[in-house]
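I opened my notebook and worked through one structure, a stop at a time. Here is what I looked up.

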Amino acid sequence: MSDDLRPVLGCYWDSVVKSPNIDQLASRSQVFLNAYAQQAVCAPSRTSMLTSRRPDTTRLYDFKSYWRVHAGNYTTMPQYFKSKGYFTMSVGKVFHPGLPSNFTDDYPYSWSIPAYHPPSFKYENKKVCKGEDQQLHANLLCAVNVTEQPGGTLPDIESADEAVRLLRSRANSSAPFFLAVGFHKPHIPFRIPQEYLSLYPIEQMRLAPDPDVPKRLPPVAYAPWSDLRRREDLGKLNVSFPYGPIPKDFQLGIRQHYFAAVSYMDCQVGRLLSALDELGLAGNTQVVFLADHGWSLGEHGDWAKYSNFDVATRVPLIFHVPGVTTHSHSSGKSTFPFIDVLEKSEFCFKNYKEIRNMVELVDVFPTLSALAGLGAPKPCPDISLQEELCTEGNNLADTFQHQEVGEDEKAVSFSQYPRPSDTPQVNSDVPDLKDIKIMGYSLRTWDYRYTLWLGFNPDTFQPNVTDVHAGELYLVASDPGQDNNIYNRSDYSMIVRKMAGLPPTVSLQTRLKLQLLYLTAGRKT
């Protein structure tokens, strides 16, 4: 699992980023090209994915509650595997650490042994970045000489080391294992080995294709990237709040460092996969690669997650299933040979199989359980707060057995994001639960991105479907960057009158789908 990774990977047709080890994995995997997180911020997304329950069920929209206490005693994916006899292990950032996972990464519920966190992570936000003045700073752009860092290492290197050690410890065991490895990069700050910048010369970097705030973007939809403003190097630029813009040369530097961080993370993935190979485990181990959410790299004038746009919610999702997505290799042939991108910059892989219809991170739990032969949890009822084990996602196991025949109108994804006000303020990115006044519910289909910003009561965890603060509608085919908002409030008012007869028990997801059908009737060509 990668942190803050949008699908800027070769296997997702990105032409800039060099990610040979993940691309090699994709060449032996089924690649879901349109997978979406349920909320584009770490703790809510990870809790949602690992429980297969949406944020309105986990009731976690910030970093300040533990779902088992705050919402319901929901079974997690590793807990389910553990109950079926698997030895379960966690390395790095899998659950969000701290209060959202009870300060234990949900041990012992989810894990057979306590979770491992890399010791060097405690320096991540310290003054460890050497600036042009040769002094140490807490910067956003923080490419370093690793040997000069505290301990002579970095968190993701330590996590890869520990994951390989755990693999070796389980290689000869008769018990099956479930190993979750969470890499921190490309999450900010970009504290990465400086040599990876050489893959992305600054003179070859380009700005985002849509670097300006769209004219018809509702202010409530904008994330003011407050976490970046706290970094010393960006802070001294005195960028105006909330819209900026950041100076263009610094924008290019952010993009360069993000891409370099992805290649650095890819290297750690490659180390782990090659160890799987060397231990003789690649032939009977399923591998899933994914991220918790994406990150905006200047699109819409934004530099953050914290939104419902594709750049924030779309994630890589790759399933390697031996014997299903791969054929047996000839004796002695390696499945995942390590590729050092610093030594070899040219490589070519082709994805084994691609799925273009929309899927969600809540689908991972039921799908992986089914593929492992454990059986997928049953679908949740409409109200599932008392259900310990069920899924609000879909079991995608059938997609591995059949070719995709085209658009599936039933395949949609839902995301949401909270706001404290109609206009950007300092806490707009991650408002505390008590401060949430508005919730943006977003529906992504093959053709459209539709978002409705509704009044929200943080005491009852309920939106008010009649209290509409703003709306967004984007036609993806002609507007893939989602810059031209064609939502019309008068059209919406007419739809509300048409739907007035719906019983109150109709779910919000169903309402959004019906509204989108009305709004786009006759529009699709």
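**Entry 1: Phe-319**

I began with the contacts of Phe-319, leaving aside neighbours within four places in sequence. In this predicted model, Phe-319 touches Ser-29, Gln-30, Phe-32, Val-287, Val-288, Thr-325, Val-364, Thr-367, Leu-368, Leu-371 and Phe-400. I found Phe-319 in strand E9. Is Phe-319 buried or exposed? Its relative accessibility is 1%, so it counts as buried; the cut-off for buried is under 20%. I also checked a distance to Val-239, 80 residues away along the chain. The two C-alpha atoms are separated by 42 Å.

**Entry 2: Arg-314**

Next I looked up Arg-314, which also sits in strand E9, residues 314-320. Arg-314 has a relative accessible area of 22%, so I noted it as partly exposed. How far apart in space are Arg-314 and Ala-37? Their C-alpha atoms are 6.4 Å apart, although 277 residues separate them in sequence. I then listed contacts beyond four places in sequence. For Arg-314 they include Leu-5, Arg-6, Pro-7 and Tyr-12. Leu-33, Asn-34, Ala-35 and Tyr-36 are also among them. His-293 and Gly-294 touch Arg-314 as well.

**Entry 3: helix H6**

I moved on to helix H6, residues 155-170. At 1.5 Å a residue, the 16 residues of H6 should span 22 Å. The end C-alpha atoms are 23 Å apart, which agrees.

Then I asked which residues of H6 are buried. They are Pro-155, Asp-156, Glu-158, Ser-159, Ala-160, Glu-162, Ala-163, Val-164, Leu-166, Leu-167 and Arg-170. I kept a general rule beside that list. An α-helix has 3.6 residues a turn, so residues three or four places apart point the same way. What do the buried residues of H6 pack against? I found strand E2 (87-92), strand E6 (177-182), strand E7 (190-193) and helix H9 (248-278).

**Entry 4: H6 against H9**

I took a second look at this helix pair. The axes of H6 and H9 are 10 Å apart, and the packing angle is about 10°. That makes H6 roughly parallel to H9. From H6, the contact uses Asp-156, Ile-157, Ala-160, Asp-161, Ala-163, Val-164, Leu-167 and Arg-168. From H9, it uses Tyr-264, Gln-268, Arg-271, Leu-272, Ala-275, Leu-276 and Glu-278. I sorted these residues by class: 9 are nonpolar, 1 is polar and 5 are charged.

**Entry 5: Ala-175**

I followed the chain into the loop between H6 and E6, where Ala-175 is found. Ala-175 is partly exposed, with a relative accessible area of 28%. Beyond its neighbours within four places in sequence, Ala-175 is in contact with Gly-85 and Arg-170. I had already listed Arg-170 among the buried residues of H6. I also looked up Tyr-86, which is 89 residues from Ala-175 in sequence. C-alpha to C-alpha, Ala-175 and Tyr-86 are 6.4 Å apart.

**Entry 6: H12 against H13**

The crossing of H12 past H13 is right-handed. Which residues meet here? Asp-491, Tyr-492, Ile-495 and Lys-498 in H12 meet Gln-515, Tyr-518 and Leu-519 in H13. I counted 4 nonpolar, 1 polar and 2 charged residues in this contact.

**Entry 7: backbone exceptions**

Last, I checked the backbone. Most residues other than glycine have a negative phi, and most peptide bonds are trans. I noted some exceptions.

- Phe-103 has a positive phi of about 60°. It lies in the loop between E2 and E3 and is exposed at 63% relative accessible area.
- Gln-134 has a positive phi of about 70°. It lies in the loop between E3 and strand E4 (136-137) and counts as exposed at 53%.
- The bond from Tyr-107 to Pro-108 is cis, with omega near 5°. Pro-108 is in the loop between E2 and strand E3 (129-130).
- The bond from Gly-244 to Pro-245 is cis, with omega near 5°. Pro-245 is in the loop between helix H8 (232-235) and H9.

How values were computed
Residues numbered from 1 in each chain as written. Predicted model: local features only at pLDDT ≥ 70, side-chain atom pairs only at ≥ 80, totals over all residues. Heavy atoms only, no water. Left-handed = near helix turned anticlockwise from the far one by under 90°. Helix = DSSP H or I, 4+ residues; strand = E, 2+ residues; numbered from the N terminus. Contact = heavy atoms within 4.5 Å. Nonpolar A, V, L, I, M, F, W, Y, C, P; charged D, E, K, R; others polar. Expected span 1.5 Å × (residues − 1). Buried < 20%, exposed > 50% of the residue type's maximum accessible area, 1.4 Å probe, protein only. Axes fitted to C-alpha atoms, helices over the stretch in contact; angles between N-to-C directions. Parallel < 35°, antiparallel > 145°, perpendicular 65-115°, else oblique.
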